[in-house]
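Welcome! Have a look at the display, then read on.

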Amino acid sequence: MTDIFIISPILIHMITAVLCMALWKKVTAIRLMSFAGSSLGLWYSIGLFRKTWDSGILTMQAGNWPAPFGITFVSDTFSSLMVLLTAIAAWTIGLYSLVAIRKSRVRFGYYSIFHFLIMGLSGAFLTGDIFNLYVWFEIVIISSFVLMTLGGQREQMEGAIKYVAMNMLASVFFLTAIGILYGITGSLNMADLSIKVAAIENRSLVNISALLFFIGFGIKSAVFPLYYWLPSSYHTPPSATAAIFGALLTKVGVYAMFRTVSLIFVPDDFMKSLLVFTAVMTMITGALGALNQKGMRRIYSYLLVCHIGYFMAGLGMFTQLALTGALFYIVHDIIVKSNLFLVNGIIYRVRGTTDITLLGGFQKQYPNLSLVFALVFLSLVGIPPLSGFWPKINLISEAMLANSYILTGALLLASFVTLMVIMKIWKEVFWKTPAEALNPEANTFRTLSKAKKLILVGPVVLLLMISLYIGLFAENIYLVAERIAGEMLNTEYYIKAVLQQ
Amino acid sequence: MEILLIVLIGLFYAAGIYLMFRRSLVRLLLGLLLLGNGVNLLIFLMGNIAKGKPPIIPEHSNVFTQAYADPVPQSLILTAIVISFGLQSFAIVLLKRVYLLTGTDDLDTLNPLHEKNL
């Protein structure tokens, strides 16, 4: 039975999605079912993380085919942490969607697609087979296509075209890389590949395959030359959808990159400098893009791109401390980025727009809410002792120690610009006197019942609590990140656990 | 046979990427279709083409003693074909919808000017 336990987050979300489909147009029943499913998923994800933390790497051979012949599901600390973060984000965003997502969208299957998306994400984190990872990626992207286009408004469609085209292209690159890798090794199991790739003499083919993986995952995780689809599509779907996309969809690309780089293509000097170069460019271009935007969600999209640079920097340096910093940053980033988009959704409800030039005076109108939002923003910026601060220490000190001053400069610039942009948002949205008199008709938040208001604000507060925990009890998260970084640098435990030697 | 396939894969990739560089949405889609087919052929080729050699281990041994037709690439291709079928049909419907809403299939005219939150 311990075997099934590993894939329980996948199974729970799959069953929930199917049941939501079966309930078809009964909106209340679907909402309740979805909430129950996410809660159960969260419970089992916590269980999985604790069990993995206590007893080390868990594996499951699908259909009892011994590795490396069958598909293996592996839950090491990294996978189970990502599954846990996915479940937290899914639970809070699912709760927020109860009110935020209109009935018409629920009737057209918002919740079942939402759960299929979470299922795909959990699967991608738990699989130990490279082709299976491809399949989970496809489940993720097709669900995200539907979520992105659900509603069918013109802006959404225009954003979706770029999103769909780039993601399909990324899949093609990914599949090409798998094809070449299979051709040179004859294996698909990641642990087995780790051994076989290291033994191959024809390094040029290995490097070609590595670069194709890099392009495929790079498009998905939105790194420097490949990110432009993200800011032109993430501002179109509803806030709840944007939150799940912003929090998790780029991170699954980052996860896949960390996994393949640490396990299969242990980076040589060229790969390291390529990763550091993309990190620097991603941070600089993302930061400059964020400075230039007027819509709040467009600003967030560029910040999202900008902060992907931190992960790439950690991966590019590939030392224990740098990886610990990058992994800590993933934990912080998933929680804070989903919260940002939820905050944005509430501001839109109050004002009917998220263009910062049209907004203003929010603090006067809702002083208590503004305090909550202020803490969210400060966590993102990383004012000590809030959550964004701790991982940056590691990254910056490692960059200094490696004498790469350009990288240090870019890291500092990225966090400085984040501060500047957030200050601009704060000044424009919360302090400025609005240019036009407020139209009370536009405030759809005011007319909501108390329970509904609580459901909208509750997730924001919960996520804020988690990021406060990350900031104030940073040593706990640091321990987790440190252990994952250790597992990445010494892969023999992973390989032994999977191949059961 | 291998040479023929290699040339064909190269053509598929080149034509696919060329078509993706065009501004027209239909060409973009056709480019993606061609690339998808190119990948499938590539996997087929990478799995060693062997004719009339089923992957059955002889009775008196535990391992394969000679070259055999690898069944794994074929199942990979089958999976990839099914997935790309789903994705491509979605993309076709999306293009049709975009064309109905905007009246254009030129990527340059598809730039939303202002943010609208839903």
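**Backbone details and the core**

In chain A, Phe318(A) sits in the loop that runs between helix H13 (296–317) and helix H14 (320–351). Please keep in mind that this model is predicted. The points below begin with that loop, then visit other loops and the nonpolar core.

**Positive phi angles**

- As background, most residues other than glycine have a negative phi.
- Phe318(A) has a positive phi, near 50°, and is a residue other than glycine.
- Phe318(A) counts as buried because its relative accessibility is 12%, and the cut-off for buried is under 20%.
- Asn64(A) is not a glycine either, yet its phi is positive at about 60°.
- You can find Asn64(A) in the loop between strand E1 (58–61) and strand E2 (72–75) of chain A.
- Asn64(A) has a relative accessibility of 66%, so it counts as exposed; the cut-off for exposed is over 50%.

**A cis peptide bond**

- Most peptide bonds are trans.
- Pro384(A) and Pro385(A), however, are joined by a cis peptide bond, with omega about 5°.
- Pro385(A) belongs to the loop between helix H16 (367–381) and helix H17 (389–401) of chain A.

**The nonpolar core**

- The largest nonpolar core is made up of 223 residues.
- Inside that core, the residues with the most contacts are Phe258(A), Phe373(A) and Phe377(A).
- Leaving aside residues up to four places away in sequence, Phe377(A) touches Tyr300(A), Leu340(A), Val343(A), Ile422(A), Ile425(A), Trp426(A) and Phe430(A).

Definitions and conventions. Residues are numbered from 1 along each chain as its sequence is written. Chains are lettered from A and ligands numbered from 1 in the order in which they are written. This is a predicted model: local features need pLDDT of at least 70, side-chain atom pairs count only at pLDDT 80 or more; totals for chains, interfaces and linings use all residues. Side-chain values use heavy atoms; hydrogens and water are left out. Helices (H or I, at least four residues) and strands (E, at least two) are DSSP runs, numbered from the N terminus. Buried means under 20% relative accessible area, exposed over 50%, partly exposed in between (1.4 Å probe, protein chains only). A nonpolar core is a set of buried Ala, Val, Leu, Ile, Met, Phe, Trp, Tyr and Cys residues joined through side-chain atoms within 4.5 Å. Contact means heavy atoms within 4.5 Å.
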